[in-house]
Amino acid sequence: MKNSHSESYAAAGVDVTAGYEAVNRIKPLVESTYIPGVMGTLGGFGGLFAPNCAGMDKPLLVSGTDGVGTKLKIAFLMDKHDTVGIDCVAMCVNDIICAGAMPLFFLDYLAVGKNLPSRIEAIVSGVTEGCRQAGCALVGGETAEMPGFYPEQEYDLAGFSVGLVDQAKMIDGSTLQEGDLLIGLGSNGVHSNGFSLVRKVFGIADDAKPLETYVSDLGHTLGEELLRPTHIYVRSIRCLRQHGVDVKAVSHITGGGLYENVPRMMKEGLTARIQTASFPVPPIFELIQKAGDIPARDMYNTFNMGIGLVIAIPKDQIGNALDVLARAGEQSYVIGSVVKGDAGVELV
């Protein structure tokens, strides 16, 4: 890259040399995520990975893609960029584990108004932290400098992950039956959904002042609470399966809340009956509801309300499952059961 420099392109607002500096800054971060199977290193035209399919009769690739959404507006206002990358990874890997697939690798796409290498480094540090938590490798990505399209201090962040599962061990809800129990795994707050409503009810536009307000019920500022990164559940699902728990179905509670996401894991003729009093609702949701005078139905149809993942298991395995989850560091609750019906989900 020593001979690469364009005065004309720089005059148009794109500094290719800043891009090279950013790559040099993030290279050791990226390499810290490497796991067996990674081939090559940062800088090629494509990320290479050799999956280990030993012992699998019919290996399946499962992929998921997502972004951070308008939660990024909070990061801009607080000028804090080292956690949103965790959100980006989490939103993808938490989706693919719903099929029982363990993530192998991740790629990110970062579009910026201006390439500031130190900020790129901070953003990617979050991505690599998310990859380490999920046990997958960051094998590539793209940083696009787009002056005139994004303001200089703003950016967008998205990505995708690919995982692997043997078809015989895929989680698809096909064995669900009446009487199975539902376990809710606690969330880390708002995660990465519903932030357009969050910003509206708290009056967060172009002023960081509301975010700097200390909230005693939270124990820190509103901004610190809202930037808490999305929890990653990959290792906990792996632990459950390694310890013989029959995980029949999994739902990642994202946009649309419990009402929209839980029915996606149910099969025809069965409904998830969830007892809302069976798990604690974090204070941030109570603050949102009060500030926006939002009906309870809308809260459960927008936010995760304290449950980031719902899993269905046989009733006789509940003790083992809760023990495994506790040793994995998860806050988990028996939140309901599978009953006959066509509603998909009932909150009572």
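Student: Which residues in helix 5 do Ala18, Glu21, Ala22, Arg25, Ile26, Leu29 and Val30 in helix 2 meet?
Tutor: Let's start at this contact, keeping in mind that the model is predicted. Helix 2 covers residues 16–31 and helix 5 covers residues 117–134. The partners in helix 5 are Pro117, Ser118, Ile120, Glu121, Val124, Ser125, Thr128 and Arg132.

Student: How many charged residues does the contact of helix 2 with helix 5 have?
Tutor: Sorting by class, 8 residues of this contact are nonpolar and 3 are polar. Glu21 and Arg25 belong to the helix 2 side, while Glu121 and Arg132 belong to the helix 5 side. The number of charged residues is 4.

Student: Are helix 2 and helix 5 roughly parallel or roughly antiparallel to each other?
Tutor: The two axes lie 9 Å apart, and the packing angle is about 25 degrees. Angles under 35 degrees count as roughly parallel, whereas those over 145 count as roughly antiparallel. Helix 2 and helix 5 are therefore roughly parallel.

Student: And is the crossing of helix 2 and helix 5 left-handed or right-handed?
Tutor: The angle to picture here is about 25 degrees between helix 2 and helix 5. The hand of this crossing is right-handed.

Student: Which are the edge strands of the open sheet of 4 strands?
Tutor: Good one to trace by eye: the order is 3-6-4-5, and the pairing is mixed. From one strand to the next, the twist averages 15 degrees. The edge strands pair on one side only, and they are strand 3 (59–67) and strand 5 (137–145).

Student: What is the bridge partner of Leu61 in strand 6?
Tutor: Strand 3 spans 59–67, and strand 6 spans residues 155–166. These two strands pair in the antiparallel sense over 9 bridges. The partner of Leu61 in strand 6 is Leu164.

Student: At what angle does helix 4 run to strand 6?
Tutor: Helix 4 is made of residues 84–96. Helix 4 lies across strand 3, strand 4 (102–112) and strand 6. Relative to strand 6, helix 4 runs at about 30 degrees.

Student: What does the crossing angle make helix 8 relative to helix 12?
Tutor: The axes of helix 8 (residues 234–242) and helix 12 (residues 318–327) come within 9 Å and cross at roughly 140 degrees. An angle has to be over 145 to count as roughly antiparallel. Helix 8 and helix 12 are therefore oblique.

Student: How many nonpolar residues are in the contact of helix 8 with helix 12?
Tutor: Ser236, Cys239 and Leu240 of helix 8 meet Ala321, Val324 and Leu325 of helix 12. In this contact 1 residue is polar and none is charged. The nonpolar count is 5.

Student: Which residue in strand 12 does Ala249 stand opposite?
Tutor: The open sheet here has 6 strands in the order 10-12-7-13-11-14, with mixed pairing. Strand 10 (249–252) is one of its edge strands. Strand 10 pairs with strand 12 (residues 307–313) in the antiparallel sense over 4 bridges. Opposite Ala249 stands Ala312.

Student: Lastly, to which strand does helix 12 run at about 10 degrees?
Tutor: Helix 12 lies across strand 7 (181–186), strand 12 and strand 13 (332–340). The angle of about 10 degrees is the one to strand 7.

Key. Residues numbered from 1 in each chain as written. Predicted model: local features only at pLDDT ≥ 70, side-chain atom pairs only at ≥ 80, totals over all residues. Heavy atoms only, no water. Axes fitted to C-alpha atoms, helices over the stretch in contact; angles between N-to-C directions. Parallel < 35°, antiparallel > 145°, perpendicular 65-115°, else oblique. Left-handed = near helix turned anticlockwise from the far one by under 90°. Contact = heavy atoms within 4.5 Å. Nonpolar A, V, L, I, M, F, W, Y, C, P; charged D, E, K, R; others polar. Pairing = 2+ DSSP bridges.
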